[in-house]
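Hello,

Here is the structure we discussed. My notes on its charged pairs and on one helix follow below.

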Amino acid sequence: MAIIRTYRMNEKNELEFREAWFQQFEDDELGQFVINHGTVGHMSKTNEVQDVNTDRADELFAGFAEACAAEGYAEIKEEDQSWVIVQYALKSANGTERDQYLDKKAKEALTGHLAWRGLGTVESSDFGNRKLNIRVLSPAPKLAVAAIKTCIREAKLDFTKMSIGVAPFAELNKLKMAHPMPPKPMSID
């Protein structure tokens, strides 16, 4: 699935996002072209074009990119974003079957919740040193932390056993705890 994700600051100093993707369906030459847009941190609005082939999708992507550039939207480089790490302490070194389930369900819940609000992408997860770490790359880490707390609570995924840390993209060693408060250094190893 190809995707273009762009952002801009509006006149109210709010970060807005616009993204487009083309998704083909299994065993089908046609797919759908989707444009998702809104203010970062709020549920987005979506427009879809159905029954699109790859040539038409390329045309729609080109038009989308041109419109975004004309209206001041641009992609944000990874290095200009922040890591938001969702962490659970584990009872065993490598995690139990229940921990594997938590990893899968938390990633699923966070992927949708954050994406529909322009708050970032779930990049990876791992088990190590009695911890489950889920890594989120976000252009708005403070808003992402609030959204993650809401998402995990609503999904009933051990909210009280979760910690969240934030770090600059290139300085994961400077991870600071953002939940629970007060902020203090946090480790992912």
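**Salt bridges**

The count of salt bridges comes to 10. Please keep in mind that this is a predicted model.

One of the salt bridges pairs Glu71 with Arg18, with 2.5 Å between the closest N and O atoms. This pair links distant parts of the chain: Glu71 sits in the loop between α1 (54-70) and β5 (82-89), while Arg18 belongs to strand β2 (residues 15-24), and the two are 53 residues apart. Glu71 is partly exposed, at a relative accessible area of 39%. Arg18, at 16%, is under the 20% cut-off and therefore counts as buried.

Asp158 and Arg98 form a salt bridge whose closest N and O atoms are 2.3 Å apart.

Another pair is local. Arg56 and Glu59 meet in a salt bridge with an N to O distance of 3.1 Å. Both residues lie in helix α1, 3 residues apart, or about one turn of the helix. An α-helix has 3.6 residues a turn, so residues three or four places apart point the same way. Arg56 is partly exposed at 40% relative accessible area, and Glu59 is partly exposed at 49%.

**Helix α1**

Helix α1 has 17 residues and reaches 24 Å from its first C-alpha to its last, close to the 24 Å expected at 1.5 Å a residue. Its buried residues are Ala57, Leu60, Phe61, Phe64 and Cys68. Seen down the axis of α1, these buried residues fall within an arc of 105 degrees, so they line one face of the helix. What covers them includes the strands β1 (2-9), β2, β3 (31-39) and β4 (45-52). The face turned away from the buried side carries the exposed residues Asp55, Glu66, Ala69 and Ala70.

As for the ends of α1, Asn53 caps the N-terminal one, with a side-chain oxygen 3.1 Å from the backbone nitrogen of Asp55. After the helix comes Gly72, whose phi is positive, near 85 degrees.

Regards

Notes
Residues are numbered from 1 along each chain as its sequence is written. This is a predicted model: local features need pLDDT of at least 70, side-chain atom pairs count only at pLDDT 80 or more; totals for chains, interfaces and linings use all residues. Side-chain values use heavy atoms; hydrogens and water are left out. A salt bridge is a side-chain nitrogen of Lys or Arg within 4 Å of a carboxyl oxygen of Asp or Glu. Helices (H or I, at least four residues) and strands (E, at least two) are DSSP runs, numbered from the N terminus. Buried means under 20% relative accessible area, exposed over 50%, partly exposed in between (1.4 Å probe, protein chains only). The expected span of a helix is 1.5 Å times one less than its number of residues. The arc is that of the directions from the helix axis to the C-beta atoms. Contact means heavy atoms within 4.5 Å. A polar contact is a pair of N or O atoms within 3.5 Å; within protein, one must be able to donate a hydrogen and the other to accept it, and residues adjacent in sequence count only if both atoms are side-chain atoms.
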